[in-house]
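Please look at the model below alongside these notes. They take up a few local features and then the chain as a whole.

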Amino acid sequence: MEEIRIDCANPTPEEVELSKFHAQTLFKFNNAMPFTDEYDALIHQLIPDMGANSRGVTPLKGVRFNMVKIGDSVVINSDCLMMVAGGVIIEDEVIIAANAQLISNNHDLDNRWIITCKPVRICRRAWIGAGATILPGVTVGYNAVVGAGSVVTKDVEANTIVGGNPAKVIRRI
């Protein structure tokens, strides 16, 4: 998996405008009345590639939402943090519990203005528990469960339950 590097000290004018758009749209979304046309329109402005019957619950936090692809019938519960400069793919029928963190970028150890990015993939039917953190470059396999409060530093095999910090296999489903 190839790492992408972004220089945050020297953003292009397009990056600055996109950042403003996301910040302002996120503010509007987080303050909109749920289950209204405005609410639905705002989340689709933030995350244009969002499948049918998928929903996010406010508040939502993060940056670069244009790098997120969400499948059908996905639920993202409240207080989800998406730091997704490296991209995040959430496949169909995924459940992401409250306070989960999807992190596809990190800072370079020598130059903190450089962010290093690797995509995160959450495969179909996975369940990410409350307060879990998924780190850059991780794939959570089909039908896998990530226990509450876990920190996932490595790929999670399909049909497994993982938990802890760092997350380890608890059992097979």
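1. H22 is in contact (heavy atoms within 4.5 Å) with L46, R64, F65 and N66, leaving aside its neighbours within four places in sequence. H22 sits in helix α1, residues 13-30; helices are DSSP runs of H or I of at least four residues and strands runs of E of at least two, numbered from the N terminus. H22 counts as buried because its relative accessibility is 6%; buried means under 20% relative accessible area, exposed over 50% and partly exposed in between, with a 1.4 Å probe and protein chains only.

2. The model is predicted: local features need pLDDT of at least 70, side-chain atom pairs count only at pLDDT 80 or more, and totals for chains, interfaces and linings use all residues. Residues are numbered from 1 along each chain as its sequence is written, and side-chain values use heavy atoms, with hydrogens and water left out.

3. The count of aromatic pairs is 1, where rings of Phe, Tyr and Trp (its six-membered ring) pair if their centres lie within 6.5 Å, and planes under 30 degrees apart are stacked, over 60 edge-to-face and the rest tilted. The ring centres of F29 and Y39 are 4.6 Å apart and the planes are at 35°, so this pair is tilted. It links distant parts of the chain, with F29 in helix α1 and Y39 in helix α2 (residues 37-46), 10 residues apart. F29 is buried at 0% relative accessibility, and Y39 is buried at 8%.

4. Two cis peptide bonds deserve a look. T58 and P59 are joined by one, with omega about -5°; P59 lies in the loop between β2 (55-56) and β3 (60-63). The bond from N165 to P166 is also cis, with omega near 0°, and P166 is in the loop between β18 (160-163) and β19 (168-172).

5. Most residues other than glycine have a negative phi, and most peptide bonds are trans. S73 has a positive phi, near 55°, in the loop between β4 (68-70) and β5 (75-76), and is partly exposed at 34% relative accessibility. N99 has phi near 65°, lies in the loop between β8 (95-96) and β9 (101-103), and is partly exposed at 41%.

6. Overall, the chain has 2 helices and 19 strands. Buried residues make up 41% of its 173 residues. Its C-alpha atoms fill a box of roughly 45 × 45 × 20 Å along the principal axes.
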